[in-house]
Amino acid sequence: MPYQFRCPRERCCFELRCDADHEAARLARAHARVAHCDRIAPADLDRWLERIEAA
Ligand SMILES: [Zn+2]
């Protein structure tokens with residue numbers, strides 16, 4: 001089941017899609033760190049990480 005993450009920050013259109021939730025979470029955290037010099041709280045990550053139906 002693929003996972004999708006869309007960065008919720010203003011003026012950021014970063015998106016990723018990943019087959020594994022831990023991989024998507026890792027990449028989302030890496031993005032926040034690199035692009036926003038910030039961390040994502042686990043609760044926020046849960047909210048922003050969407051499980052998407054396989055096409
Ligand atoms: Zn971002």
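How many bridges join β1 to β3? In this predicted model, where local features need pLDDT of at least 70, side-chain atom pairs count only at pLDDT 80 or more, and totals for chains, interfaces and linings use all residues, the answer is three, and the two strands run antiparallel. Residues are numbered from 1 along each chain as its sequence is written, and side-chain values use heavy atoms, with hydrogens and water left out.

Helices (H or I, at least four residues) and strands (E, at least two) are DSSP runs numbered from the N terminus, and two strands pair if DSSP finds at least two bridges between them. On this basis, three strands make up an open sheet with antiparallel pairing, in the order β2-β1-β3. The edges are taken by β2 and β3 (49-51), each of which has a single partner strand, so one side of each has no neighbour in the sheet. On average, neighbouring strands are turned by 20° against each other, direction ignored; axes here are lines fitted to C-alpha atoms, for helices over the stretch in contact, and angles run from 0 to 180 degrees between N-to-C directions. Within the sheet, Tyr3 stands opposite Arg51 in β3. Helix α1 lies across β1, β2 and β3 and runs at about 160° to β2, with contact meaning heavy atoms within 4.5 Å.

Next comes the metal site. Cys7 (SG), Cys12 (SG), His31 (NE2) and His36 (NE2) coordinate the zinc ion at 2.0 to 2.2 Å. Donors are N, O and S atoms within 2.8 Å of the metal (3.2 Å for Na, K and Ca); water is not among the atoms, so sites may look incomplete. The angles among the four donor atoms are 104 to 116°, and the site is tetrahedral (four donors with all angles between 85 and 135 degrees). Along the chain, the donors follow the spacing C-x4-C-x18-H-x4-H.

For Cys7 the relative accessibility is 9%. Cys13, by contrast, is exposed at 73%. Its sulfur lies 6.2 Å from the closest cysteine sulfur, in Cys12, which is too far for a bond. With a disulfide defined as a pair of cysteine sulfur atoms within 2.5 Å, the count is zero.

How values were computed. Four donors count as tetrahedral if all angles lie between 85 and 135 degrees; four count as square planar and six as octahedral if opposite donors are over 155 degrees apart and all others between 65 and 115; anything else is irregular. Buried means under 20% relative accessible area, exposed over 50%, partly exposed in between (1.4 Å probe, protein chains only).
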